[in-house]
Amino acid sequence: MSSMTTASNIATTSSSAHRSRMMLHPGPFNPVRIQSRHAASCRHVRLTLVAGLSLFDAIVKPLIEIGIKSASFTILGGYFDQIEYCVAAPDPSHQAMIAYSKPIQAGPAYMIFGNATMGKNQHGKPIVHCHAAIRTQDGIVKGGHIITDTCIVGSTPISVLVTSLDGFELRVTYDPETNIPLLQPQAESPNE
């Protein structure tokens with residue numbers, strides 16, 4: 001293959017590549033796109049998800065028992081008896097860029113990898129927000145927003161690496177730019 005042929009192939013490939021699409025949120029532009037807080041310390045915990053519990057219960061109860069109310073974690077992978085998820089589809093009401101789809105049943109499936117955060121909802125109750133890649137029994141790889149209270153941990157315990165967020169909390173609050181509630185770092189509410 002000559003160098004001219006190679007250059008021609010590269011030019012053809014790059015001209016057919018996808019272009020980025022412009023996404024414009026409905027609310028006023030916030031130039032500070034990443035909200036952050038500093039923690040002077042944190043804890044690292046290796047958690048084992050107990051078979052038969054929902055993903056939500058398997059995460060929240062043991063972390064609350066050791067005083068962790070907000071955390072970031074990685075689910076290392078394992079089998080679930082049932083996984084239910086949804087995806088971020090365009091919002092049919094056009095009030096926001098996206099809205100969750102109806103729940104999608106994956107049935108028994110293997111979670112390849114998951115990233116999640118635990119914080120509080122608008123009423124101060126625990127919430128777990130989880131995105132994951134899964135492989136269904138048909139061998140198809142899918143991904144999306146995991147519905148943690150309906151996903152049931154399979155017979156083999158699953159490891160989770162947890163980093164606590166001490167000194168602040170994640171709380172669902174309304175975000176005017178996206179026009180949807182989002183988990184955002186806030187000052188702690190010690191009485192909840």
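Biologist: Which residues form a nonpolar patch on the surface?

Modeller: Ile-112, Phe-113 and Val-141, with about 260 Å² of accessible area together. Areas come from the Shrake-Rupley method with a 1.4 Å probe, and for residues only the protein chains shown count as cover. Patch members need over 30% relative accessible area and no salt bridge; nonpolar side chains (Val, Leu, Ile, Met, Phe, Trp, Tyr) are joined within 5 Å, like charges within 9 Å. This is a predicted model, where local features need pLDDT of at least 70 and side-chain atom pairs 80 or more, while totals for chains, interfaces and linings use all residues. Numbering runs from 1 along each chain as its sequence is written, and side-chain values use heavy atoms, leaving out hydrogens and water.

Biologist: Where does Ile-112 lie?

Modeller: In strand β6, residues 104–120. Strands (E, at least two residues) and helices (H or I, at least four) are DSSP runs numbered from the N terminus.

Biologist: OK, salt bridges. How many in the whole structure?

Modeller: Three. The criterion is a side-chain nitrogen of Lys or Arg within 4 Å of a carboxyl oxygen of Asp or Glu. In one of them, Asp-166 meets Arg-43 (3.4 Å, N to O). Asp-166 is in the loop between β10 and β11 and Arg-43 in the loop between α1 (3–15) and β1, so the pair ties together parts 123 residues apart in sequence.

Biologist: And which residues do shared partners join into one network?

Modeller: Lys-120, Glu-169 and Arg-171. Glu-169 bridges to Lys-120 (2.9 Å, N to O), and Arg-171 bridges to Glu-169 (2.9 Å, N to O).

Biologist: Is Glu-169 buried or exposed?

Modeller: Buried, at 3% relative accessibility. Buried means under 20%, exposed over 50%, partly exposed in between (1.4 Å probe, protein chains only). Lys-120 is buried at 4%, and Arg-171 is buried at 11%.

Biologist: Switching to Gln-184: what does its side chain make a polar contact with?

Modeller: The side chain of Thr-173, at 2.9 Å. A polar contact is a pair of N or O atoms within 3.5 Å; within protein, one must be able to donate a hydrogen and the other to accept it, and residues adjacent in sequence count only if both atoms are side-chain atoms. Gln-184 lies in strand β12 (residues 180–186) and is buried, with a relative accessible area of 15%.
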